[in-house]
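Hi there,

Here is the structure I promised to pass on to you. Have a look at it first, and then read my notes below.

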Amino acid sequence: MVKHIVTFKLAGSPEERRRVAESFRDALMALPEQIDVLQSMEVGINENPSEDWDVVLTAIVPDMPSVEVYAKHPAHVAAASLIAGLKESRACVDYYC
């Protein structure tokens with residue numbers, strides 16, 4: 001299995017960042033029902049105001065080629081578009097577990 005962990009820093013006011021993060025979380029949490037290779041999805045919104053990162057996700061897929069299948073799936077692309085205008089930074093780690 002591969003864990004695909006991604007964290008996002010959003011731009012905008014705290015209220016705007018929170019609203020977009022919640023919408024993004026809800027869209028991501030619906031993906032396991034739509035993408036066959038996606039075994040699980042966990043999404044967290046940062047509650048610590050002294051930290052800069054807003055959202056983290058952990059997705060589990062069978063192997064590295066499945067990360068690409070997940071990334072290119074239309075449902076994932078639609079979810080990612082929800083933060084496109086406010087995405088300031090993104091960091092990702094993929095590893096076998």
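Before anything else, a word on burial: a residue is called buried under 20% relative accessible area, exposed over 50%, and partly exposed in between, with a 1.4 Å probe and protein chains only. Please keep in mind that this is a predicted model, so local features need pLDDT of at least 70 and side-chain atom pairs count only at pLDDT 80 or more, while totals for chains, interfaces and linings use all residues. Residues are numbered from 1 along each chain as its sequence is written, and side-chain values use heavy atoms, with hydrogens and water left out.

With that scale in hand, Pro14 counts as exposed, at 56% relative accessibility. Pro14 belongs to helix α1; helices (H or I, at least four residues) and strands (E, at least two) are DSSP runs, numbered from the N terminus. Between the C-alpha atoms of Pro14 and Glu51 there are 12 Å, with 37 residues separating the two along the chain.

Now to the sheet. Its four strands form an open arrangement in the order β2-β3-β1-β4, with antiparallel pairing; two strands pair if DSSP finds at least two bridges between them. At the edges are β2 (40-45) and β4 (87-96), each of which pairs on one side only. On average, neighbouring strands are turned by 15 degrees against each other, direction ignored. Axes here are lines fitted to C-alpha atoms, for helices over the stretch in contact, and angles run from 0 to 180 degrees between N-to-C directions.

Going strand by strand, β1 (residues 2-10) and β3 (residues 55-61) run antiparallel and are joined by seven bridges. Val2 has Val61 of β3 as its bridge partner, and His4 stands opposite Ala59 in β3. On the β2 side, six bridges pair β2 with β3, again in the antiparallel sense. There Glu42 has Thr58 of β3 as its bridge partner, and Ile45 stands opposite Val55. Five of the seven residues of β3 are buried, so to speak mostly covered. In β2 the covered face holds Met41, Val43 and Ile45, while the uncovered one holds Ser40, Glu42 and Gly44.

What packs on the sheet? Helix α1 (residues 14-29) does, touching β1, β2 and β3, and its direction makes about 170 degrees with that of β2. Contact means heavy atoms within 4.5 Å. Helix α2 (residues 64-72) lies across β1, β2, β3 and β4 and runs at about 40 degrees to β1.

The buried residues of α2 include Ser66, Val67 and Tyr70. They sit on the same side of α2 because they cover an arc of only 110 degrees around the axis, the arc being that of the directions from the helix axis to the C-beta atoms. Pro65 and Lys72 are exposed on the face of α2 turned away from its buried side. Among the elements that cover the buried residues of α2 are β1, α1, β2, β3, α3 (74-81) and β4.

Helix α3 shows a buried side too: Ala75, His76 and Ala79 are buried there. Their arc of only 100 degrees around the axis puts them on the same side of α3. The cover over the buried residues of α3 includes α1 and α2.

The largest nonpolar core has 25 residues, and those touching the most other members are Phe8, Leu28, Leu31, Leu38, Met41, Leu57 and Tyr70. Such a core is a set of buried Ala, Val, Leu, Ile, Met, Phe, Trp, Tyr and Cys residues joined through side-chain atoms within 4.5 Å. Two or more residues of this core come from each of β1, α1, β2, β3, α2 and α3. Leaving aside residues up to four places away in sequence, Leu31 touches Leu38, Met41, Tyr70, Ala75 and His76.

Last, the cysteines. A disulfide is a pair of cysteine sulfur atoms within 2.5 Å, and by this rule the count comes to zero. Cys92 is in no disulfide, as the nearest cysteine sulfur, that of Cys97, is 14 Å away. Cys92 is partly exposed, with a relative accessible area of 32%.

Best wishes
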